[in-house]
Amino acid sequence: MLLLQPIVRGPWVLQRTPRLAAVACGSHPRACVGWTPPRTHGTWSAGGSSRRWKVTAVGALLGLGAGLAYGDHRRQAEEADPKAAARPQAPYPVFTRQEVGRHRSPAERVWVTYGGEVFDITDFVELHPGGPSKILLAAGGALEPFWAMYAVHSQGHVLEILREYKVGELSPEEQSQPAQGDPYAGDPPRHPALKVNSLKPFNAEPPAELLSENYLTPSPLFFKRNHLPVPAVDPATYRLEVEGPGGRTLTLSLPELKSRFPKHEVTATLQCAGNRRSEMNSVRPVKGLEWGIAAISTARWGGARLRDVLTQAGYGEAEEEAGERHVCFEGLDKDLSGAAYGASIPYGKAMGPGGDVLLAYEMNGEELPRDHGYPLRVVVPGVVGARNVKWLGRVSVSREESPSHWQQNDYKGFSPSVDWATVDYTTAPAIQELPIQSAITDPPPGATVPPTEITVKGYAWSGGGRGVVRVDVSLDGGRTWHVAEMAGEEQPLGRAWAWRLWQLTAPVPPGSSALDIVCKAVDDSYNVQPDTVEPIWNLRGVLSNAWHRVRVSVAQD
Ligand code: MTE
């Protein structure tokens, strides 16, 4: 999918006005049925400015900050094309919903309505940050149900961008929309201490200082990463479907899962691929939620082993020997097209005796909370959070990875040289095991610390079951180092699924007015974190694991 591929350009006003004038609308605006929209409206001017506009529009849709604000986009566009400022706003032709409904594909132009207005968004389809396929779901109809689902759109500047594409108005008698239910109305209550990155869908992380207070993160504070509304699942009617070899399906109720398979418990850290994305974003804008350092948490998970369930369904070593296989998971959370959240993991990880992959119904000794996948989720220790599918509905084994957008496109890493114009998702593997990671949770950036002695706290973790063997901490930006003390459970070699919390107490160098605190961890394969973000920057802002740096002031006596 090319977000910034070249698009047809043309003089918006010059084509639009004569066409309107040429159509004999008469006094009744409905006579405009035969009006053909300009095929080139909505973009301006030549090369560089058009591209700048597109980047800006995408940035604005993502709320990437003041540098990419809509005001800049408007100013740049107008500088590039002075006529843009003089575009006529009215009168617009009037359309019925049925007429709008005839514009469902780029070939017939893509029209949508919002409130009482009609927009031709054909030229925006390829620019849509969520991908063309998602925006095309709304083609020919109203945007409201989609914006209710993906509430990131409910921002003034998104509406302003939309208005650039206005081509008409709905006939007055059709303007009222049936009241939209809020698809998120059934989401569970959440802890007020969470720092919310997006409300609908709900994405939040705990305050970093709280993260290192507990080896097991209390469930209410565990980071939450949802792509859709939390589904309401009735435990009485809930069934897990496991597709066996030859298409036979094993159907399991919750009591069956609990009684027919031994309960297994694992302490495992989950980390989102986008943890620490904001640091990447500050180097160069990336696309995604602005996670700080706390899109990572640890819990004690309890449930049935996935390998036991797959064995019961009829799978065994034969499948592994028969070549590459993947275990695919589907959630019960579905988007408006009916597509479920999905992901997959290699068959060997699912079936290997040391893989410890769980179909978990317990978190920290209690029933799984709704935000974390009630009544059943996959826990894939050592593997990126995205593969730990919540609200699990279906498991299958396939020669192909999950066809889900989140496996095929999202959650992949690319070279810093790849941008939205050149990205080819097929060239990168889906992220599975995550790299070595550590961060400073206390003191927070900008704090004032005592002049005598400082205590620094943080976490360290590596993917793939690789244990953390050391955390180095510097108080002078990386010139000299101390070795931190690590707390937390010693874990078996190759199955170190949980983080280590660490702490360093060291004297403050006399005469310091500020400290540049840095941490970096080393895992048992001697992998270390890169010292800066720039060389690992990628357009999606994933795998952000450079040395973590916190600057603090020293209190003066
Ligand atoms: N599973 C479903 N069904 N839907 C989702 O949106 N988000 C994934 C994963 N599993 C997701 C999902 C992502 S990207 C992450 S990081 C983890 O769940 C987050 O798990 P948590 O919310 O329990 O912390």
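I began with E241, which is partly exposed at a relative accessible area of 33%. I note at once that the model is predicted.

Entry 1. I then asked with which residue E241 forms a salt bridge. The partner is R394, and the closest N and O atoms of the two lie 2.6 Å apart. I placed both in the chain: E241 belongs to strand β8 (residues 239-243) and R394 to strand β17 (residues 392-398), so that the pair links distant parts of the chain, 153 residues apart. I also looked up the accessibility of R394, and at 21% this arginine is partly exposed. The value lies in the partly exposed class because buried requires under 20%.

Entry 2. I turned to K263, which forms a salt bridge with E362 at 2.9 Å between the closest N and O atoms. This pair, too, links distant parts of the chain: K263 sits in strand β10 (residues 263-271) and E362 in strand β14 (residues 358-363), 99 residues apart.

Entry 3. I next looked for salt bridges that share partners, and I recorded one network that joins E117, R163, K166 and E169. Within this group I examined K166 and E117, whose side chains meet in a salt bridge of 2.8 Å, N to O. The two residues are 49 positions apart and link distant parts of the chain, with K166 in strand β4 (residues 166-170) and E117 in strand β3 (residues 117-120). I checked their accessibility as well: K166 is buried at 7%, and E117 is buried at 15%. Both percentages count as buried because they fall under 20%.

Entry 4. I counted how many salt bridges the structure holds. The total is 22.

Entry 5. I went on to helix α7 (residues 156-163) and asked which of its residues are buried. They are V158, I161 and L162. I then asked why these three lie on the same side of α7. They do so because they cover an arc of only 100 degrees around the axis. I set beside this the general rule that an α-helix has 3.6 residues a turn, so residues three or four places apart point the same way.

Terms used: Residues are numbered from 1 along each chain as its sequence is written. This is a predicted model: local features need pLDDT of at least 70, side-chain atom pairs count only at pLDDT 80 or more; totals for chains, interfaces and linings use all residues. Side-chain values use heavy atoms; hydrogens and water are left out. A salt bridge is a side-chain nitrogen of Lys or Arg within 4 Å of a carboxyl oxygen of Asp or Glu. Helices (H or I, at least four residues) and strands (E, at least two) are DSSP runs, numbered from the N terminus. Buried means under 20% relative accessible area, exposed over 50%, partly exposed in between (1.4 Å probe, protein chains only). The arc is that of the directions from the helix axis to the C-beta atoms.
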